[in-house]
Each structure stands twice: as C-alpha cells, then as structure tokens.
Amino acid sequence: MNTLPNCPKCQSVYTYEDGHQLICPECAHEWPKDGAANAEESGPVVRDAVGNELKDGDSVTVIKDLKVKGSSAVVKVGTKVKNIRLVDGDHDIDCKIDGIGPMGLKSEFVKKVKD
C-alpha cells in the first residue's frame, strides 16, 4: 500500500512525507520528494564561513564556541554536525547536535566537511 520509495541511505521501507520532503525514521535521512532537480531551484545559495556552497545533507563543523539560548550548554569549536537542512529565516541551517538536540545555526559559524 505504501507507494513511497525506500530510503536511499539505508533502504528502509518506512519512509514518510513531511511537506516537500521524504524522511526515513530509522536513519533520519531527508531528501526532496520531487527529486534533486527541484531542490536545487529553491532559492538563494547558502555559503559557509570560508565560501563553500552548502546543500541539504552536507556535514559541517562549528568554527566558534556558540552559546545555546535559554540554556547553559555550549556548542564547542570542532563539533561535527551531520545531515544539515537549509532553511529560510534568521538561521540558515536546521540540524540535530548530539547531546544538545535540534538547533538552528547560522552558516557564518560553520565550515563544510568533506566526507
């Protein structure tokens, strides 16, 4: 009955739709529902602190200690963040950071990592 494609990362059959994205609940991989071609047409180019172009699913590292608003937690320099999602608004990046949880980051405080 499920006509959605399997996850391209882990091949899970339990994918679901969320807006214009498909999401795998097993590995948290997200990809555009309409294919990669439509994802590339969606808005301005986001660049990291050194000028590298960022895309959904990239991995980045934090280049400056960042205080978490409303908490005493700090995201330390060198923290690696995997599978980012680019968004519009005051923060360019939505992500999950181990030990802290979901967060919004500004692209000026991260550097793209080659996987």
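Two strands pair if DSSP finds at least two bridges between them. Strands, like helices, are DSSP runs numbered from the N terminus, with at least two residues (E) for a strand and at least four (H or I) for a helix. This is a predicted model, in which local features need pLDDT of at least 70 and side-chain atom pairs count only at pLDDT 80 or more, while totals for chains, interfaces and linings use all residues. Residues are numbered from 1 along each chain as its sequence is written, and side-chain values use heavy atoms, with hydrogens and water left out.

**The sheet of β1, β2 and β3**

- An open sheet is formed by 3 strands in the order β1-β2-β3, with antiparallel pairing.
- β1 and β3 (30-32) stand at the edges with a single partner strand each, so one side of each has no neighbour in the sheet.
- On average, neighbouring strands of this sheet are turned by 35 degrees against each other, direction ignored; the axes behind such angles are lines fitted to C-alpha atoms, for helices over the stretch in contact, and angles run from 0 to 180 degrees between N-to-C directions.
- The antiparallel pairing of β1 with strand β2 (residues 21-23) runs over 3 bridges.
- Leu22 in β2 is the residue opposite Glu17.

**The segment before β1**

- Val13 is found in the segment that precedes β1 (16-18).
- Its relative accessibility is 45%, so Val13 counts as partly exposed; buried means under 20% relative accessible area, exposed over 50%, and partly exposed in between (1.4 Å probe, protein chains only).
- From C-alpha to C-alpha, Val13 and Pro25 are 9.7 Å apart in space, and they are 12 residues apart in sequence.

- Strand β10 (residues 85-86) pairs with β11 in the antiparallel sense over 2 bridges, and Arg85 has Asp94 in β11 as its bridge partner.
- β10 and β11 make a hairpin with 6 residues between them, where Gly89 in the turn has a positive phi of about 135 degrees.
- β11 also pairs in the antiparallel sense with strand β12 (residues 101-105), over 5 bridges, and the partner of Ile93 in β12 is Leu105.
- The hairpin of β11 and β12 has 3 residues between the strands, and Gly99 in its turn has a positive phi of about 85 degrees.
- In a regular strand the side chains alternate between the two faces of the sheet.

**Salt bridges**

- The whole structure contains 5 salt bridges, each being a side-chain nitrogen of Lys or Arg within 4 Å of a carboxyl oxygen of Asp or Glu.
- One of them joins the side chains of Arg85 and Glu30 at 3.1 Å, N to O. This pair links distant parts of the chain, with Arg85 in strand β10 and Glu30 in strand β3, 55 residues apart.
- Arg85 is partly exposed at a relative accessible area of 27%, and Glu30 is partly exposed at 24% relative accessibility.
- Lys55 and Glu53 meet in a salt bridge through their side chains (3.8 Å, N to O). Lys55 is partly exposed at 35%, as is Glu53 at 33%.
- The side chains of Lys112 and Asp58 form a salt bridge at 3.5 Å, N to O. Lys112 is in strand β13 (residues 110-113) and Asp58 in the loop between β5 (53-54) and β6 (59-62), so the pair ties together parts 54 residues apart in sequence.
- Lys112 is partly exposed at 23%, whereas Asp58 is buried at 15%.
- Through shared partners, salt bridges join Glu30, Arg85 and Asp94 into one network.
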